[in-house]
Amino acid sequence: MCGTCGCENTEKLIPLERRVLGKNDELAAKNRAWLEERAILAVNVLSSPGSGKTTLLERTIRDLGATVPITVIEGDQATENDARRIRAAGARAVQINTGTGCHLDASMVARALEELRPESGSIVFIENVGNLVCPALFDLGERVRAVVSSVTEGEDKPVKYPHMFRAAGVLVLNKTDLTVATGFDESAFRESLRAVNPEAHVLPLSARTGEGLGAWYDWLRLASR
Ligand code: MG
Ligand code: ZN
């Protein structure tokens, strides 16, 4: 799928790809140290396109922005659309356009952090490029990964994309307002997730209606400590 990161077969990476990932891990460690020194909670937000990452962040900024400073690093192949939405919600945002690239890497995040200068004790959301494959391979220096999956996507995404779901600290199950319309089977989804990641904390919610958001905010408060 992605020639840059060799995500088709992580067990048989060719040497060049290994070097790319090794270099990325070094830069990610620097980002992590920089963020942790300042007690900044960095959340790498991952999903397929259209799962509702930006909507979730807009809502979170509107509801929590007065309590805790929030900034956002937006990754998309093209356009400033999502950064514009984030700014309209009241947070500072830096947009990274990856061009042909299909994931964010630690050097892009380092540059974005230099521009953003997030304050101590704040939350930085890194909205990754919508893609369930190679973003899983690239450590950005985040404290935790939040994978967003929506009820419109079907129940077997975790077993189909195990690398992505295995790395999730928290799993946001979005668009629960559409559960009936889509016939989504939440217990089947949880079973699929358990097969690859028994530890992941699952938060069913609707970023559109607001249902379940309280648990997401509680989780963020705990993760901030
Ligand atoms: Mg988005
Ligand atoms: Zn990629």
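## A pair within one helix

Glu186 and Arg190 both sit in helix H8 (residues 186–196), 4 residues apart, or about one turn of the helix; helices (H or I, at least four residues) and strands (E, at least two) are DSSP runs, numbered from the N terminus. The two form a salt bridge, with their closest N and O atoms 2.9 Å apart. The term stands for a side-chain nitrogen of Lys or Arg within 4 Å of a carboxyl oxygen of Asp or Glu. Glu186 is partly exposed at 29% relative accessibility, and Arg190 is partly exposed at 30%. Here buried means under 20% relative accessible area, exposed over 50%, and partly exposed in between (1.4 Å probe, protein chains only).

## About the model

This is a predicted model, in which local features need pLDDT of at least 70 and side-chain atom pairs count only at pLDDT 80 or more, while totals for chains, interfaces and linings use all residues. Residues are numbered from 1 along each chain as its sequence is written, chains are lettered from A and ligands numbered from 1 in the order in which they are written, and side-chain values use heavy atoms, leaving out hydrogens and water.

Arg208 forms a salt bridge with Asp177, at 2.8 Å between the closest N and O atoms. Arg208 is exposed, with a relative accessible area of 63%, whereas Asp177 is partly exposed at 28%.

Thr54 in helix H2 (residues 53–64) and Glu127 in strand E4 (residues 123–127) are 73 residues apart, and both are buried.

## Two parallel strands

Strand E2 (residues 70–76) pairs with strand E3 (residues 92–97) in the parallel sense over 6 bridges; pairing requires at least two bridges found by DSSP. Across this pair, Ile73 stands opposite Val94 in E3.
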